[in-house]
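This briefing sets out the computed geometry of the structure displayed here. Please read it alongside the sequence and the coordinates.

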Amino acid sequence: MNNTYMIRYGEIGLKGKNRPAFERRLMDNISRALRKLGSSRVRRVYGRIIVESEAEPARVLDILSKVFGIVGVSLALRLPLDERVICEGALATVRDAAARVLMPAGEPLTFKVEARRSNKQFPRTSPELNGLIGGYLLDNFPGLKVDVHTPQIRVRVEIREKNAFVYANDMPGVGGLPVGVSGKALLLLSGGIDSPVAGYMAMKRGIEIEAVHFYSFPFTGEKSLEKVRNLCRVLTDYTTRVKMHIVHFTDIQKEIQKSCPEELRVTIMRRMMFRLAARIADNQGALALITGESVGQVASQTLESMRVINQVIDIPVLRPLVGMDKLEIIHRAQAIGTYETSVLPYEDCCTLFLPKHPATRPRLEQALDAEQALDLEGLLTGSLERTIVEDIIRS
Amino acid sequence: MTGLQVYLDNSATTRPYSAVVRAVAEAMEEHYGNPSSLHKMGVEADRVMSRARQAVAASLGAGPGEIVFTGGGSEAINLAIKGALPGRWGKHVVTTAVEHPAVLNACGQLKEQGIQVTVLPVDEQGAVQPGQLREALREDTYLVSVMYVNNEVGTVQPLDEIAEVLADFRRGGRKLLWHVDAVQAYGKLPLRPGELGVDLLSVSAHKAHGPKGVGALYVAPHTQLLPLVAGGGQEHGRRSGTENVPGLAGFGAAAAVIAREARGAAERIFPLKKKLAEGILAAVPGAVLNGPPCRRENLRCAPHIVNLSFPGLRGEILLHSLEERGIYVSTGSACASRKSPGSHVLKAMGVKGELLEGAVRFSLSSLNTEGDIDYAVEQTAAVVQELYALYN
């Protein structure tokens, strides 16, 4: 039997002329996300998306609750336009919803019926339907009480052209915009806590991401790389696939270690990373870089450092975590499922050559001076030539 | 990089002998019956298992009735330590600071149950002093657990002297069980628990070219043991659960080789170890050997484990640099973080600071060749020079 799901999508309903494109993208993303559960049908009715799927509801709801653009999703009953059947459907829905509400014995369970009628041929108006169905529920379900302001159960009834839909339990979605409507950007992904969260935040604004990871074997090992792959796998929960560029960073790091003043190593390293990422972005048609930087967190994340590091590129750098403190970032990482992987001990290249006293206020001339010792072009090309691309697909 | 692959992480696990692989596959394909079943298929599986039991028993100079098969070395160790019954008087257990985590953590669990645990210190070579054991023994000591060969630095504990201390103690009629974790000794050194007076001795198949997920506990006759796994009463009630017949068939095949060659294994491996240790120490100024000096007459020196420190380097980076050249080694401890507390074994031996951070373990097996060792020495020396140049 097919189950029907009613999907609400808030923000993109407000997009004016672009709205059809946003809706189409959301529907595409939903179909793609549900693909592994077998066949499903996704269609749009006015202001809603309706999904039909044979798969187990808990799995469908779990997947849909992670699709950006969806504000809420409910398992719904699709019924013929028959008052009696609609009343019975409402009763079944309330029974189901009531089973999930924890109530002290003897307390009444409060509810409200919210009918909407887009099919104006239907013989009753919405207020009439509210009264009719509400009365039916009160007669047939003992212990119910109407509360129009803060009901424990909202029974929604939508009268459409061919069918009525009845649903109650609304499961919140992640909101935001459908991934892909805002173009593509490149996420600088380390193995830490911050960068996966930054990727999530960017996707939430509709940005499609590709990941760039700087890999310094033998200074870090296969386990640290696998950890980054696993972080990408978690991000595919929200976007089905992530292309991951594994940039060969070893030679650059060795050169910096050999030729640059100790306190500037982090600054120069970050400048090299930005240069590499910007080139990959150009090749991939990505319009911005995304980093997990948060002002003041470490030496390379002071405004002075950021300015010196940013100077090497001319595409925008998005720093979605700039307004969050570490605790907020950790909470978000836990909520999206990346935290456990991020805190595994395998280090990435950033932590290996850390000087004892990195410059927190590097000046641009210092960085330019230090880079005189490097064959920038040779190092960048060499590094990109040895870069490997992997496709991380939702499992 | 050449195509040469040199596996020097045999204390982590070993490559199974082809005879082992064949035995496992044959058991899976042909003898898939449940050894407890009454029909022919069950009887055949049971026969495969008893042959394996005989082979493992023979490799330990024991009788088949003294072997309890387990799901690996750690399980054998846990069965020994948690299954040993304290009796009414027993409240005290003695072990050492350099034991494998399976022993130390099992003792930690005993401690939570109110048993007192004495952890003996070791000298700078990682060896226990029998005199200190003598002093630690008390009226209410019911269990002593001392390993045979240390897995990180290759120290051979003085089991003969420990046996004497324990025999003295028991002479007064006092009961006391002795467990030996022999996981790293099995297949490398002769093992005769009966002759030594050991009550419980644990081994693991995969550390000796057998399959993973099977181990054995030698249990001397009349030793009472509480099972950890309750169920259908397999292994004389000491370890329930349908037996891993394919794994045991493989274990048996490995044990047959061990029974034939154990004495020879040390003879073959030790010269390679010596060559490796001396080669690297000569080529890398500043490198330090952790553990017993590498001499044949040195009784404390296991034939197959070399632990070296390279001050100023992190073991993990050296590990990956060698990996890049097809050489597989291990750091002293499994944890890879900079904040990692470092190896408990090296710390117990008094190793500190840069020497603790820069420790690498090379562990050999009889499958290694002289060519492997030449290549490993040459590459280690080269890599260390490169890394030193980069860091200093």
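The points below go from whole chains to single residues.

The structure is a predicted model. Chain A holds 395 residues, and chain B holds 392.

**Chain A overall**
- The secondary structure of chain A consists of 13 helices and 15 strands.
- Taken along the principal axes, the C-alpha atoms of chain A occupy a box of roughly 85 × 40 × 35 Å.
- Buried residues represent 53% of the 395 residues in chain A.
- When contacts in chain A between residues at least 6 apart in sequence are considered, 79% of them connect residues at least 24 apart.

**Chain B overall**
- Chain B comprises 12 helices and 13 strands.
- The C-alpha trace of chain B extends over about 65 × 55 × 40 Å along its principal axes.
- The radius of gyration of chain B is 21 Å, which agrees with the value near 21 Å that a compact globule of 392 residues would have.
- Of the 392 residues in chain B, 57% are buried.
- For contacts in chain B with a separation of 6 or more, residues 24 or more positions apart account for 73%.
- Chain B exposes about 16,200 Å², and 53% of this area comes from carbon and sulfur atoms.

**Helix α10 of chain A**
- Helix α10 of chain A covers residues 326–336, and its residues A:I329, A:I330, A:A333 and A:I336 are buried.
- These buried residues line one face of the helix, because they fall within an arc of 135° when α10(A) is seen down its axis.
- A:L327 and A:A335 are exposed on the other side of α10(A).
- The packing partners of the buried residues of α10(A) are α5 (194–204), α6 (222–235) and α11 (339–342) of chain A.

**Surface patch on chain A**
- A nonpolar patch on the surface is formed by A:L138, A:V146 and A:V148, which together have about 240 Å² of accessible area.
- One of these residues, A:V148, belongs to the loop between β6 (144–146) and β7 (153–159) of chain A.
- A:V148 counts as partly exposed because its relative accessibility is 47%, and the partly exposed class lies between the buried limit of 20% and the exposed limit of 50%.

**A buried position in chain B**
- B:V56 is part of helix α2 of chain B, which covers residues 40–59.
- With a relative accessibility of 0%, B:V56 is classed as buried.
- Not counting residues up to four places away in sequence, B:V56 is in contact with B:I67, B:F69, B:Y186, B:A216, B:F251 and B:A255.
- B:V56 and B:L217 are 161 residues apart along the chain, and their C-alpha atoms are separated by 10 Å.

**An exposed position in chain A**
- A:K356 is located in the loop between α11 and α12 (364–371) of chain A.
- The relative accessible area of A:K356 is 72%, so this residue is exposed.
- A distance of 11 Å separates the C-alpha atoms of A:K356 and A:A299, which are 57 residues apart along the chain.

Key: Residues are numbered from 1 along each chain as its sequence is written. Chains are lettered from A and ligands numbered from 1 in the order in which they are written. This is a predicted model: local features need pLDDT of at least 70, side-chain atom pairs count only at pLDDT 80 or more; totals for chains, interfaces and linings use all residues. Side-chain values use heavy atoms; hydrogens and water are left out. Patches are made of residues with over 30% relative accessible area and no salt bridge: like charges are joined within 9 Å, nonpolar side chains (Val, Leu, Ile, Met, Phe, Trp, Tyr) within 5 Å. Accessible areas come from the Shrake-Rupley method with a 1.4 Å probe; for residues, only the protein chains shown count as cover. A salt bridge is a side-chain nitrogen of Lys or Arg within 4 Å of a carboxyl oxygen of Asp or Glu. Helices (H or I, at least four residues) and strands (E, at least two) are DSSP runs, numbered from the N terminus. Buried means under 20% relative accessible area, exposed over 50%, partly exposed in between (1.4 Å probe, protein chains only). The radius of gyration is taken over C-alpha atoms; the globule rule is 2.2 Å times the number of residues to the power 0.38. Contact means heavy atoms within 4.5 Å. The arc is that of the directions from the helix axis to the C-beta atoms.
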